[in-house]
Amino acid sequence: MVEIIVLPLWETGHVMPYTGLAKQLRSRGHEVSFAGWGPMRGIVEAVGERYDPIFDELAPGTDDHNWRSQMIEAFSTGRVAEELAARAPDLVLTDTSVPEMCLELRRSGLRHARVSITLPHTRRR
């Protein structure tokens with residue numbers, strides 16, 4: 001079994017693609033949880049996924065208006081990496097849409113994979 005923490009942006013369009021992946025990983029015996037902050041909790045729990053309130057602890061009061069600055073501060077100070085390391089996941093999956101997450105995870109030495117939820121653009125000929 002592999003312990004996996006999913007760390008997407010909290011918006012529905014970023015969270016939902018990971019829920020199908022989480023179900024597939026769980027069906028193969030892995031443990032999966034979603035780390036995030038307030039607004040994401042409802043989205044994650046509504047589809048039956050496990051929510052870890054990592055940003056609720058690191059940046060209390062984060063809301064729609066200041067979430068990005070709070071998140072960047074939490075990453076740039078190393079607090080997110082410390083909290084993730086304390087949870088001791090085998091793997092962290094993160095959204096490529098937020099480079100601050102990717103950079104901090106790389107610096108921290110935590111095993112991680114960047115996932116793009118963007119569909120490829122194809123040209124019609």
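This is a predicted model: local features need pLDDT of at least 70, side-chain atom pairs count only at pLDDT 80 or more; totals for chains, interfaces and linings use all residues.
A residue is called buried when its relative accessible area is under 20%, exposed when that value is over 50%, and partly exposed in between.

The side chain of E49 forms a salt bridge with that of R26, with 2.8 Å from N to O. This pair links distant parts of the chain, since E49 is in the loop between α2 and β3 while R26 is in helix α1 (residues 12–27), 23 residues apart. R26, for its part, has a relative accessibility of 31% and so counts as partly exposed.

A search of the whole structure finds 8 salt bridges, and another of them joins the side chains of R50 and E3, with 3.6 Å from N to O. Because R50 lies in the loop between α2 (38–46) and β3 (51–52), whereas E3 belongs to strand β1 (residues 3–7), this pair ties together parts that are 47 residues apart in sequence. R50 is partly exposed, because its relative accessibility is 40%, and E3 is buried, because its relative accessibility is 18%.

Which parts of the chain are tied together by D52 and R87? The side chains of D52 and R87 meet in a salt bridge of 2.4 Å, N to O. D52 lies in strand β3 and R87 in helix α5, so the pair ties together parts that are 35 residues apart in sequence. The relative accessibility of D52 is 14%, so D52 counts as buried, whereas R87, at 25%, counts as partly exposed. Salt bridges that share partners also join E3, E31 and R50 into one network. Returning to D52, and leaving aside residues up to four places away in sequence, we find that D52 touches F34, A35, G36 and R87. The side chains of D52 and R87 are also joined by a polar contact of 2.4 Å.

A88 is found in the loop between α5 (79–87) and β4 (91–95). Most residues other than glycine have a negative phi. A88, however, has a positive phi of about 55° although it is not a glycine. Is A88 buried or exposed? With a relative accessibility of 54%, which is over the cut-off of 50%, A88 counts as exposed.

How does β4 pair with other strands? β4 runs parallel to β1, to which it is joined by 4 bridges, and in this pairing I4 stands opposite L91 in β4. β4 also pairs with strand β5 (residues 112–115), again in the parallel sense and over 4 bridges, and here the bridge partner of L93 is A113 in β5. To get from β4 to β5, the chain passes through helix α6 (residues 99–108), and this β-α-β crossover is right-handed.

Technical notes: Residues are numbered from 1 along each chain as its sequence is written. Side-chain values use heavy atoms; hydrogens and water are left out. Helices (H or I, at least four residues) and strands (E, at least two) are DSSP runs, numbered from the N terminus. Buried means under 20% relative accessible area, exposed over 50%, partly exposed in between (1.4 Å probe, protein chains only). A salt bridge is a side-chain nitrogen of Lys or Arg within 4 Å of a carboxyl oxygen of Asp or Glu. A polar contact is a pair of N or O atoms within 3.5 Å; within protein, one must be able to donate a hydrogen and the other to accept it, and residues adjacent in sequence count only if both atoms are side-chain atoms. Contact means heavy atoms within 4.5 Å. Two strands pair if DSSP finds at least two bridges between them. A crossover is right-handed if, with the strands pointing away from the viewer, the path from the first strand over the helix to the second runs clockwise.
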